[in-house]
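Colleague: I would like to learn how to read aromatic pairs in a structure. Could you take me through a case?

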Amino acid sequence: MGEVFNVLLLQTTLRSATPVVLAAMGCLMTQHVNMTNIGIDGMMLIGAFFAVLGSYFFGSWVAGLGLAILCGILLGLFYYVFVIKFGSDEFIIGVALNIFAGGLTVFLLRTVFQVKGAFSDPALVPLPTIHLPLIRHIPVLGQLLSGHTLLVYVSWALVLILWAFIYKTPMGVHLRASGEYPDALTACGKSPQKMKCLASVVCGILACVAGAHLSLGYLTMFSENMSASRGYVAFACVIFGRGNPLIVFLAALLFGFIDALGLRLQNYIPSDLTAMAPYLVTVIMMVVVVLWERKRRKA
């Protein structure tokens, strides 16, 4: 079992959890303003494709990440306009966005790169790997915490930044009030609409950055439907963690651990079962939330 349970398993856990952490941090922003965005998976897929597009044509990971962020801004504004301004059903818009993203990326993959299924090329510039100077030489700890790509460290910092922003700043209070007590926020002279727009745009950016990590930081390629329902997992983590960035982060780490463990158990267990395990855990998480909520209401 030493071949399975070792430092490499924990390293893979952190890498696997990163796109879910980034997407979940965006999703919890919209959750706090009472917007249920289930279009996260589609946003991740679009971010993954355009990150590859920018990296390939401009020869720079910065261009790829920048293009993904631009897509995130546009998608966040799209979601805000249709859900808040036009009053469309948020679930229908989310599902439509996921379907659109799947079709768009397949079409562009075949049109732009002239390939089907997946695209990989030596010209793709991946995200940089960072070696922490004070930690890299420490046994075990150095192996675990050093040598990850840029967005892994960004996701860790983002958890703390968003926790402080949501619970310790006046603007964070306005953000939560726009979802819980919009009339009270209006009475204070603040616009709930602006907070909802901000949350939607931040959600779009982080979801697309999560996709960029998948295609430039995790695999250095793009394949059809490579988000693999991680957007839904991120949404489940937010529900499980009740919008608290720290608890949401732990839930995402659990997904990453089960995913990494499944990969390392493929020599002993059929791959179909190991691939199913992370999503089964996600379903169990949602069942726990439902049962807990029922118990709380009865109490």
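Modeller: This is a predicted model. Start with F49, which counts as buried because its relative accessibility is 1%, under the 20% cut-off.

Colleague: Is F113 buried or exposed?

Modeller: F113 is buried as well, since its relative accessible area is 10%.

Colleague: How is a pair of aromatic rings described?

Modeller: By two values, the distance of the centres and the angle of the planes. In this model the count comes to 13 aromatic pairs. One of them joins F49 and F113, with 5.9 Å centre to centre and 65° between the planes, an edge-to-face arrangement.

Colleague: Which parts of the chain does that pair link?

Modeller: Distant ones: F49 sits in helix 2 (residues 40–58), while F113 lies in the loop between helix 4 (90–112) and strand 1 (118–119), 64 residues apart.

Colleague: What are the values for the pair of F49 and F222?

Modeller: F49 and F222 are 5.3 Å apart centre to centre, with 85° between the planes, and this pair is edge-to-face. It too links distant parts of the chain, from F49 in helix 2 to F222 in strand 4 (residues 222–223), 173 residues apart. Both residues are buried.

Colleague: Which residues do ring pairs link into a cluster?

Modeller: The cluster holds F49, F50, Y56, F57, F113, F119 and F222.

Colleague: What else does F222 touch?

Modeller: Leaving aside residues up to four places away in sequence, its contacts include L45, A48, V52, T105 and L109. In the largest nonpolar core, which has 73 residues, F222 and F49 are among the four that touch the most other members, along with M25 and C237.

Technical notes: Residues numbered from 1 in each chain as written. Predicted model: local features only at pLDDT ≥ 70, side-chain atom pairs only at ≥ 80, totals over all residues. Heavy atoms only, no water. Core = buried A, V, L, I, M, F, W, Y, C linked by side-chain atoms within 4.5 Å. Buried < 20%, exposed > 50% of the residue type's maximum accessible area, 1.4 Å probe, protein only. Contact = heavy atoms within 4.5 Å. Phe/Tyr/Trp six-rings, centres within 6.5 Å; stacked < 30°, edge-to-face > 60°. Helix = DSSP H or I, 4+ residues; strand = E, 2+ residues; numbered from the N terminus.
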